[in-house]
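Hello,

Here is the structure I promised to pass on to you. Please open it first, then read the notes below it.

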Amino acid sequence: MNLVKVKNHEEMSENACRIIMNKVSSLSSPVLGLATGSTPERLYELLIKEYERKSITFSHVTTFNLDEYVGLGETHSNSYRYFMDHHLFKKIDIPKSRTHVPNGTGGDLKRECHYYEELIENVGGIDLQILGLGLNGHIGFNEPGTPFSAKTHIVDLDFSTRKANARFFRSVKEVPTQAITMGIETILRSKQILLLVSGEQKSEALQRLLDGEVSEEFPASVLRNHPNVTIIADAAAVGMP
Ligand code: GLP
């Protein structure tokens, strides 16, 4: 793993933006894996700016998001589809048909999981996957204890995860109890992975990722088995003043 230490959230986002721009402009049909949450928000703003300055086009890009809450549809302001539409997709020239977020409202969720895996396979896999880091080491919504062999699946969310995400809802009770997430195996099949870590509250998880053992009890540790991972972490996350 390659660790890039930067000053703050802004520098982390700028670095990530450059890496994505290079990927998008160097491949004829790039496939990006995207994440939601607070961590990549600024990155998406920067990508929109670059698009508005005409220094990048997304017309040839395909995207797959990591996860989605079960029960929240695209018009629900806390669904990840809504987040992506409003923070990125509607503000750039990517065709909607090439943006993929698991559908957490369909009748047959297991089928949706298989279908999502197939879609990723059919485009030849993900070229660059963006990841955030959960406080308990989750990536996507792969909670501690998830087998490393898991493909896209339905998860019961840890209470700690629902609590961490309650800030986007009126109360923790409103945070869905389940989600669909790309599995660890799905994530590991990406050719390149970019993990973004920002803020003091993430420092313990980052330390454990860097120094701890590779274990299903700490899902992000699996990234140490991947040949092309870059972590961009800001000073607060690294534990530097
Ligand atoms: C959420 C998402 C993850 C995200 C992580 C960190 O639960 N499912 O995809 O990376 O937790 O979120 P944040 O960036 O808001 O800290």
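Below is what I found, from the whole model down to single residues.

First, some ground rules. Residues are numbered from 1 along each chain as its sequence is written. This is a predicted model, in which local features need pLDDT of at least 70 and side-chain atom pairs count only at pLDDT 80 or more, while totals for chains, interfaces and linings use all residues.

On confidence (pLDDT is the predictor's own score for each residue, from 0 to 100), the protein chain has a mean pLDDT of 97, and 100% of its residues reach 70 or more. For the complex, the predictor gives an ipTM of 0.95 and a pTM of 0.97.

Now the fold. Helices (H or I, at least four residues) and strands (E, at least two) are DSSP runs, numbered from the N terminus. Seen this way, 7 strands form an open sheet in the order S1-S10-S9-S6-S2-S3-S5, with parallel pairing (two strands pair if DSSP finds at least two bridges between them). Strand S1 (2-6) and strand S5 (99-100) are at the edges with a single partner strand each, so one side of each has no neighbour in the sheet. Strand S2 (residues 31-34) runs parallel to S6 and is joined to it by 2 bridges; glycine 33 sits opposite glutamine 129 in S6.

What surrounds the ligand? The shell holds 13 residues, the closest being Gly37, Ser38, Thr39, Gly132 and Gly134 (near means a C-beta atom, placed from the backbone, within 6 Å). That shell divides into 3 nonpolar, 9 polar and 1 charged. Here Ala, Val, Leu, Ile, Met, Phe, Trp, Tyr, Cys and Pro count as nonpolar, Asp, Glu, Lys and Arg as charged, and the others, Gly among them, as polar.

An unreviewed UniProt entry annotates Asp67, Asn136, His138 and Glu143 as "active site"; such annotations may be inferred rather than shown by experiment. Two of these are worth a look.

Aspartate 67 is in strand S4 (residues 67-69). Aspartate 67 counts as buried because it has 22 C-beta neighbours inside 10 Å (buried means 20 or more other C-beta atoms within 10 Å, exposed 12 or fewer, partly exposed in between).

Asparagine 136 lies in the loop between strand S6 (128-131) and strand S7 (153-156). With 18 other C-beta atoms within 10 Å, asparagine 136 is partly exposed. Leaving aside neighbours within four places in sequence, its contacts (C-beta atoms, placed from the backbone, within 7 Å) are Glu143, Pro144, Asp158, Ser160 and Thr161.

Best wishes

Terms used:
Contact = placed C-beta atoms within 7 Å.
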